[in-house]
Amino acid sequence: MPEIKALTGDQAVAEAMKQINPDVVPAYPITPQTEIAMTFAKFVADGDVDTEMIRVESEHSAMSACVGASAAGARAMTATSSAGLALMWEIVGVASGLRLPIVMNVVNRALSAPINIHCDHSDSMGCRDLSWIQIYSEDAQEAYEHTILAVRLAENKKVLLPVMVMQDGFITSHSLENVEVLEDSKIKKFIGEYKPHKPLLDIKNPVTYGPLPLQNAYFEMKRQQIDAMENAHKIFLDIGEELSKITKRKYYYFEEYKTKDAKAVIVVLNSTAGTTKAVIDRMRQEGKKVGLLKIRLFRPFPYKEVANALKDIKFAAVLDRSDSFGANAPLYSEIKNSLYDLTKRPKLQNCIFGLGGRDISEDDIEKLFSDLLKGNVSDKVKFIGLNE
Amino acid sequence: MKKSWKEMDIGGLTEAASSLKFKTGSWKSFKPITDLKKCINCMICVVNCPEDCIPSKDGKRKDTDLDFCKGCGICAKICPVKCIKMEEEQ
């Protein structure tokens, strides 16, 4: 039987890692991710897992050790946040370029400067173009389940790309929630044995990892990564369906919450989706037709499916918790792209909110919905919660 | 032969020791000319060559492998009997 445990988002991820029992976990502490590595280190010390935990001197080394371990044929995982991900940067691209199925939990935190430890999505959005699959989680339960799903998706032979699983720093990572932890045996069976593609430790079949392909072959390798992302788009659903059989929950590219007859919809990532649902429930009681589109899979981005989900909506607000400074914000940019081929499409309002952990309240969301329902949509970005 | 991206292994994986086929010697603009008669087989150049392209056998220094020598000139600089000269490649 699944067990209900009181866990924070970080602890829930550590619980998933315990069940996955990876071969190697190199990690370096950084707020608000620290509790993942710390909780997992206890599992290692207590002998609950067989993992070789490597206490590295930086995140650049953490990802380097993941790359080395994964190329050798090990199942490797790590976790980070903000500046840690930024320091890792060079090797983040190496992991995907070498097609190593590493799974990394990113607990979203604002990038410096100015230094700030609270939630926004500038860290993971900064590396959305580095050929990692990106899955965003609303709460601890999703972070737990997405981590399990991520291992299978990364290791699929037609994918072989690393996966990043996100959750909101502090809001999710440090809040205690009821988390349904599934049976160890079921997860073990779901995850299965890792069969690496040409590992370095297979000394009978030696291979070269990381050669120097210049004008002659680099382009072809990037084309293969594009192909792998296209495969991931379909395989995400297949693996999600398999996981559904255990959890009885759905893993579609996004969650549509009361959008069927909705006139106004909010599109958002991570924990703010939860706040939005609470507002929708209240406004629906007043007969207001409002809904939510919560994006789960950000890379590869499900353009066609998003277009289909939004085509009959009149007004939609896209809420970004990061900006692209001088260009459209990341989520808004993708949603707008999705709608290009439609003849009838919703009017869009881009909103930026919550940078550096600035709170977004139910009242803020209700006001936004009310504006949308009145058709109050502008091509100027709305900054929710900013001291103007 | 140009290979399609569909035929190539992923992540740039190639057979082991594939660098032997990559003749980096074509990069050099100066090449070392060694007078083996003057050479005292001290092996200082052999251990200092960054490309590991100065072979030796049975205590004798052999001719530099110009397929891999990039012409850095370290061997000429450190040779105690000055038996290596750098000549411009034509």
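What percentage of the 388 residues of chain A count as buried? The share is 50%. The model is predicted.

## Overall fold

Chain A has 12 helices and 16 strands. Its radius of gyration is 21 Å, close to the 21 Å that the globule rule gives for 388 residues, so chain A is as compact as a globular protein of that length. Along the principal axes, the C-alpha atoms fill a box of roughly 70 × 50 × 45 Å.

Contacts reach across the sequence. Take those between residues at least 6 apart: 81% join residues at least 24 apart.

## Helix α1

Helix α1 of chain A covers residues 9–20, 12 residues in total. From first C-alpha to last, α1(A) reaches 17 Å, close to the expected 16 Å.

This helix is mostly covered, with 12 of its 12 residues buried. Asn21(A) follows α1(A) and has a positive phi, near 55 degrees.

## Ala307 in helix α10

Ala307(A) sits in helix α10 of chain A, which runs over residues 303–310.

Leaving aside residues up to four places away in sequence, Ala307(A) touches Ser338(A), Leu339(A), Asp341(A) and Leu342(A). Ala154(A) is 153 residues from Ala307(A) in sequence, and their C-alpha atoms are 26 Å apart.

Conventions
Residues are numbered from 1 along each chain as its sequence is written. Chains are lettered from A and ligands numbered from 1 in the order in which they are written. This is a predicted model: local features need pLDDT of at least 70, side-chain atom pairs count only at pLDDT 80 or more; totals for chains, interfaces and linings use all residues. Helices (H or I, at least four residues) and strands (E, at least two) are DSSP runs, numbered from the N terminus. The expected span of a helix is 1.5 Å times one less than its number of residues. A residue is buried if 20 or more other C-beta atoms lie within 10 Å of its own, exposed if 12 or fewer, and partly exposed in between; C-beta atoms are placed from the backbone. The radius of gyration is taken over C-alpha atoms; the globule rule is 2.2 Å times the number of residues to the power 0.38. Two residues are in contact if their C-beta atoms, placed from the backbone, lie within 7 Å.
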